[in-house]
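Here are my notes for someone opening this one for the first time. Have a look at it yourself, then go through the points below.

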Amino acid sequence: MPALTVGFDLDMTLVDSRPGIAAAYRALTARTGVPVDAELAVSRLGPPLRTEIAHWFPPEQVESAVRVYRELYPAYAITPTLLLPGAREAIEAIRARGGRVLVVTSKIGRLARLHLDHLGLAVDELAGDLFAEQKATALREHGATHYVGDHVADMVAAAAAGVPGIGVATGPCSSDELRAAGAEVVLDELTEFPAALDRMIQLALEQ
């Protein structure tokens, strides 16, 4: 059995970044004059930033809006972001079982790192700016044995990497949607993760 190496998505899997991201979108509106419905935007976190920006800005302005948003992000989005229930305990559970922890996210790495540092989450590897099947590259590279995420695209990533997907229904996708996308296990929140991990390890040992 390979060494335990669990990958996590970031937004709405480990952290509730909605308050901070909403603040960053409001700052983007103030800077550019282009109205963005911040609450709508944060209700569908998961896809890459450009996907959301393209809902609000004409095509020729998307790249400049992405740059401005990322410039504003550290000042507005880091401090309001909170750990989701069970996130720290989930990471501790992996460490206690001799495992390694990855974060593989669609957020660019330097901004994801700000969140991890601010919240005191120590991980072994961080890969950013990846979505859906793209995440599988990082999962394979770092030897992931499981991938945990809140979005159907995270279950696509797990399948593409050939590892079990663990869905957590704390983001925009329902439990049924996560199961339909291929989740092997679906949790209501990460407080259920340690027990679920033990069950999955035991099943793997019995095969």
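**Notes on the model**

1. Start with a helix pair: helix 4 and helix 6 (residues 109–119) pack at an angle of about 5°, and their axes are 11 Å apart. Axes here are lines fitted to C-alpha atoms, for helices over the stretch in contact, with angles running from 0 to 180 degrees between N-to-C directions. That angle makes helix 4 roughly parallel to helix 6 (under 35 degrees counts as roughly parallel, over 145 as roughly antiparallel, 65 to 115 as roughly perpendicular, the rest as oblique). Helices and strands are DSSP runs numbered from the N terminus, helices being H or I with at least four residues and strands E with at least two.

2. Which residues of helix 4 and helix 6 make the contact? Helix 4 brings Arg 70, Tyr 73, Pro 74 and Ala 77, while helix 6 brings Arg 110, Leu 111, Leu 114 and His 115. Contact means heavy atoms within 4.5 Å. By class, that is five nonpolar, one polar and two charged residues (Ala, Val, Leu, Ile, Met, Phe, Trp, Tyr, Cys and Pro count as nonpolar, Asp, Glu, Lys and Arg as charged, the others, Gly among them, as polar).

3. A word on where this comes from: the model is predicted, so to speak of local features pLDDT of at least 70 is needed, side-chain atom pairs count only at pLDDT 80 or more, and totals for chains, interfaces and linings use all residues. Residues are numbered from 1 along each chain as its sequence is written, and side-chain values use heavy atoms, with hydrogens and water left out.

4. Now the rings: searching the whole structure turns up three aromatic pairs. Rings of Phe, Tyr and Trp (its six-membered ring) pair if their centres lie within 6.5 Å; planes under 30 degrees apart are stacked, over 60 edge-to-face and the rest tilted. Phe 8 and Phe 193 make a tilted pair, at 5.7 Å centre to centre with 55° between the planes. This pair links distant parts of the chain, with Phe 8 in strand 1 (residues 5–8) and Phe 193 in helix 10 (residues 193–206), 185 residues apart. Both Phe 8 and Phe 193 are buried (under 20% relative accessible area; exposed is over 50%, partly exposed in between, with a 1.4 Å probe and protein chains only).

5. Tyr 25 and Tyr 69 are also a tilted pair, with 4.9 Å between centres and 40° between planes. Tyr 25 sits in helix 1 (residues 18–32) and Tyr 69 in helix 4 (residues 62–77), 44 residues apart. Tyr 25 is buried at a relative accessible area of 4%, and Tyr 69 is buried at 5%.

6. Helix 8 (residues 152–161) has Ala 153, Asp 154, Met 155, Ala 157, Ala 158 and Ala 161 buried. Its buried residues pack against helix 7 (133–141), strand 6 (146–149), strand 7 (165–168) and helix 9 (175–180). Ala 153 has 7% relative accessibility and, leaving aside neighbours within four places in sequence, is in contact with Phe 131 and Ala 132. Just after helix 8, Gly 162 takes a positive phi of about 75°.

7. Finally, the overall picture: the protein has 10 helices and eight strands. Of its 207 residues, 52% count as buried. The C-alpha trace spans about 60 × 30 × 30 Å along its principal axes.
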